[in-house]
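Trainee: Could we go through this model together, one pairing and one packing at a time?

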Amino acid sequence: MTKKILCPVDGSDHSDVGLARAAELAKLTGAHLTICAVNLAVGGARGPTINQWTDEEAEALLVKAEEKARAAGATDIGSAVVISRAAGQAIIAYAEELGADQIVMGTGDKRGVKRLVLGSVAAEVAGQAGCTVTVAR
């Protein structure tokens, strides 16, 4: 039985689809839903490390996501910002830390060469996570 769901978000339409499915599942099962934003860190070799979002932007992203999850019927909700250089690995590690039973996430629509070059965070998570992964489109 699903008791803890992790849903990574980034504010995109694709992550909103995953969030809606995660909230729906949390509502149906009574599971705790944790929403996380992976704030990607870049740079640092010869200069400062810079995160994708400021702390305020990351917090605003989570507040908006929590509001959407509540509107979809989820009631037991938490959130966190995870700072990492690799989104997929950060999601997997955070799911393990939480003891998540399931990760629910959206995915983009990359195809062909673009998919091969850019990869997919959802594919990485689905292939390596130690729990059930639902990829919503």
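Trainee: Which residue in strand 2 does C7 stand opposite?
Mentor: The model is predicted, so local features need pLDDT of at least 70 and side-chain atom pairs 80 or more, while totals for chains, interfaces and linings use all residues. Residues are numbered from 1 along each chain, and side-chain values use heavy atoms, without hydrogens or water. Strand 1 (residues 4–8) and strand 2 (residues 32–43) run parallel, strands being DSSP E runs of at least two residues and helices H or I runs of at least four. In strand 2, the residue that C7 stands opposite is I35.

Trainee: How many bridges join strand 1 to strand 5?
Mentor: L6 stands opposite I103 in strand 5, and strand 5 (residues 102–106) runs parallel to strand 1. Strands pair when DSSP finds at least two bridges; strand 1 is joined to strand 2 by 5, and to strand 5 by 2.

Trainee: How many of the 5 residues of strand 1 are buried?
Mentor: Buried means under 20% relative accessible area, with a 1.4 Å probe and protein chains only. Strand 1 is mostly covered, and its count of buried residues is 4.

Trainee: Which residues in helix 5 does helix 3 meet, and how are the two helices set to each other?
Mentor: From helix 3, A87, G88, Q89, I91 and I92 meet V121, E124, V125 and Q128 in helix 5, with contact meaning heavy atoms within 4.5 Å. Helix 3 (residues 87–98) and helix 5 (residues 121–128) pack with their axes 8 Å apart, at an angle of about 40°.

Note on methods
Buried means under 20% relative accessible area, exposed over 50%, partly exposed in between (1.4 Å probe, protein chains only). Axes are lines fitted to C-alpha atoms, for helices over the stretch in contact, and angles run from 0 to 180 degrees between N-to-C directions.
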